[in-house]
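Reader: I have a structure open and would like to go through it piece by piece. Can we start with the picture?

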Amino acid sequence: MPLRVTVVGTGYVGLVTGVCLAHSGHLVTCVDIDRDKVDMLASGTSTIYEPGIEELLSSGMASGNLTFATPEKGWGELISDITVVAVGTPMAPNGAADLSAVRVVVSSLAEAADRPFTLVMKSTVPMGTGAALRHRYLDEAVVRIGYVSNPEFLREGKAIEDWFKTDRIVLGADEEADRALMRELYADIDAPLVETDVASAETIKYASNAFLSTKISFINEIANLCDCIGADIDAVSRGIGMDKRIGRDFLKAGIGYGGSCFPKDTRALDFIATLNGYQFTLLKSVIEVNNRQRLLPVVHVMRALPDLHERSIAILGLAFKPDTDDVRESPALDIVPLLAEQGAAVRIYDPIASELPVAGAARVADIWQALQGASAAVVVTEWQEFRELDWERVRQAMAGPAIIFDGRNCLDADAVRAAGLTYMAVGRKGEHRFGMNA
Ligand code: UDX
């Protein structure tokens with residue numbers, strides 16, 4: 001049966017949630033305080049780059065299942081039986097999750113509520129937040145407001161697929177009535193339900209992202225060791241990933257994780273642990289390894305080219321991973337300023353990401369403009385376009401010693417070398433081997 005749903009926040013998570021629930025037949029209103037965003041969405045144009053989202057946006061609006069609104073007409077009007085909170089929880093300067101937007105929305109909803117409803121928390125909030133919000137706002141309301149922690153596990157670029165083909169749906173609630181409503185909401189999705197209390201659901205979200213980040217930092221440590229001892233990380237990853245207990249995914253070595261989730265959530269979890277008197281030593285190392293890993297290209301380029309003045313360096317890729325225009329916490333943001341400070345002329349090329357959040361570098365629209373005369377090129381993002389490059393032409397375009405630093409271990413090393421370029425990567429077999437500690 002279709003349910004009435006309000007989704008507050010039309011950022012990445014909120015918009016995907018809204019269009020997917022509308023596709024499942026629910027009657028969804030997406031709310032955002034940003035009038036321009038709402039107008040753009042209401043005209044059928046997506047505010048984010050995500051494969052498949054435009055189609056779901058148009059079909060949702062055409063069927064009448066999907067509408068957009070600002071809170072101007074009053075929260076009371078906007079509350080539905082299921083009201084999902086999907087506003088941002090960015091990182092505060094101390095590493096904690098900034099919950100100010102969540103608090104504003106939850107308090108506004110609690111004040112305006114004149115009939116019972118279930119509040120579903122999809123924003124990533126630290127453990128204990130659900131209990132605190134209920135105590136401070138929801139229990140004060142004149143009507144019953146149920147609370148469900150329902151974290152998302154959406155990868156950028158694959159969010160629609162992840163929504164409908166998720167490995168599990170986590171429902172953290174203390175009352176059966178709220179869980180029953182949530183089962184109805186997700187009735188068409190064939191996935192196991194993990195029904196638990198609110199604090200456990202909140203923990204599942206952070207623990208999942210922390211574990212995946214741990215896998216990445218672990219394989220990066222092994223890759224660095226491979227560089228020191230002469231082993232090959234591709235073979236090692238394949239060999240260990242075949243053990244089903246370990247699994248193949250997230251064993252791709254390189255210059256570390258970025259994006260809107262892993263860096264923020266690992267730091268927030270470390271903060272929560274510290275605040276609760278617990279030193280999460282393993283997690284601290286995961287973060288430290290990642291911070292160091294993203295500097296690898298700078299270390300290697302500076303070793304190979306001690307004086308970067310008068311040198312051009314091409315940065316291939318700005319997005320934190322391919323198939324997205326998202327540059328948040330991309331390793332490029334650390335690499336580019338450091339190279340520029342050393343005097344290099346840095347030219348960045350990315351097929352989609354247009355934002356240039358760093359000073360001291362130029363963004364060029366054509367990859368050959370970036371490569372022309374460059375002494376080194378650093379692959380930051382594993383775009384397909386880079387894998388298919390004509391390496392002979394690259395060699396002709398670049399200046400000596402024509403270093404290709406493959407920060408994502410994604411290129412055909414033999415083809416790069418065969419063209420006379422100097423190939424460097426992270427733990428891959430070859431003549432250029434520098435472990436970070438070597
Ligand atoms: C992630 C989680 O996968 C998702 O479940 C969560 O809800 C949000 O955060 P996303 O940030 O979109 O999704 O990216 P993901 O594809 O998981 O990759 C994250 C980062 O890890 C990227 O920078 C990627 O390049 C890096 N990565 C991933 C590796 O370095 N090696 C790997 O083996 C896998």
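Author: What follows is a short talk about salt bridges, cavities, the ligand and a few backbone details.

Reader: What kind of model is it, and how are residues numbered?

Author: This is a predicted model, in which local features need pLDDT of at least 70, side-chain atom pairs count only at pLDDT 80 or more, and totals for chains, interfaces and linings use all residues. Residues are numbered from 1 along each chain as its sequence is written, and side-chain values use heavy atoms, with hydrogens and water left out.

Reader: OK, salt bridges. How many are there by the rule?

Author: The count comes to 24 salt bridges. The rule asks for a side-chain nitrogen of Lys or Arg within 4 Å of a carboxyl oxygen of Asp or Glu.

Reader: Why would side chains pair like that?

Author: Side chains of opposite charge can pair when their charged atoms come close.

Reader: Which residue does Arg328 pair with in a salt bridge?

Author: Arg328 pairs with Glu156, at 3.8 Å from N to O. Helices (H or I, at least four residues) and strands (E, at least two) are DSSP runs, numbered from the N terminus.

Reader: Is Glu156 buried or exposed?

Author: Glu156 counts as buried, at 8% relative accessibility, while Arg328 is partly exposed at 44%. Buried means under 20% relative accessible area, exposed means over 50%, and partly exposed is in between, with a 1.4 Å probe and protein chains only.

Reader: Which residues are linked in a network of salt bridges?

Author: The network links Glu176, Arg179, Arg183 and Glu195. Within it, Glu176 and Arg179 meet at 3.7 Å, N to O. They are 3 residues apart in helix H8 (residues 176-185), which separates them by about one helical turn. Glu176 is partly exposed at 43%, whereas Arg179 is buried at 18%.

Reader: And how far apart are the closest N and O atoms of Glu195 and Arg183?

Author: They are 3.0 Å apart. Glu195 belongs to strand E8 (residues 193-196) and Arg183 to helix H8, so this pair ties together parts that are 12 residues apart in sequence. Both are partly exposed, with Glu195 at 35% and Arg183 at 30%.

Reader: New topic. How many cavities of 30 Å³ or more are there?

Author: There are 4 cavities of 30 Å³ or more. On a 1 Å grid over the protein atoms alone, a cavity is a set of points where a 1.4 Å probe fits but cannot get out, and lining residues have an atom within 4 Å of a point. Grid points are joined across faces, edges and corners, and a volume is the space filled by probe spheres set on the points.

Reader: What lines the largest cavity?

Author: The lining has 14 residues, and Lys122, Pro151, Thr166, Arg168 and Ile169 lie nearest the centre. H7 and strand E7 (169-173) are the elements that give two or more residues to this lining. The volume of the largest cavity is about 140 Å³.

Reader: What about the second largest cavity?

Author: The second largest cavity holds about 60 Å³ of space. Its lining includes Met121, Lys122, Pro151 and Glu202.

Reader: Now the ligand. How many residues surround it?

Author: The ligand is surrounded by 19 residues, the closest being Glu156, Lys252, Gly258, Cys261 and Lys321. A residue counts as near if one of its heavy atoms lies within 4 Å.

Reader: Which backbone atoms lie by an oxygen atom of the ligand?

Author: A polar backbone atom of Lys252 is 2.9 Å from an oxygen atom of the ligand, and one of Leu251 is 3.3 Å from an oxygen atom of the ligand.

Reader: Last one, the backbone. Where is the peptide bond that is cis?

Author: The cis bond runs from Gly400 to Pro401, with omega near 0°. Pro401 is in the loop between helix H17 (391-397) and strand E13 (403-406).

Reader: And what is the phi of Phe250?

Author: Phe250 has a positive phi of about 60°, although it is not a glycine. Most residues other than glycine have a negative phi, and most peptide bonds are trans.

How values were computed
1 Å grid on protein atoms, 1.4 Å probe; cavity = no way out; pocket = protein on both sides within 12 Å on 5 of 7 lines; lining within 4 Å. Polar contact = N/O pair within 3.5 Å; in protein donor to acceptor, adjacent residues only side chain to side chain.
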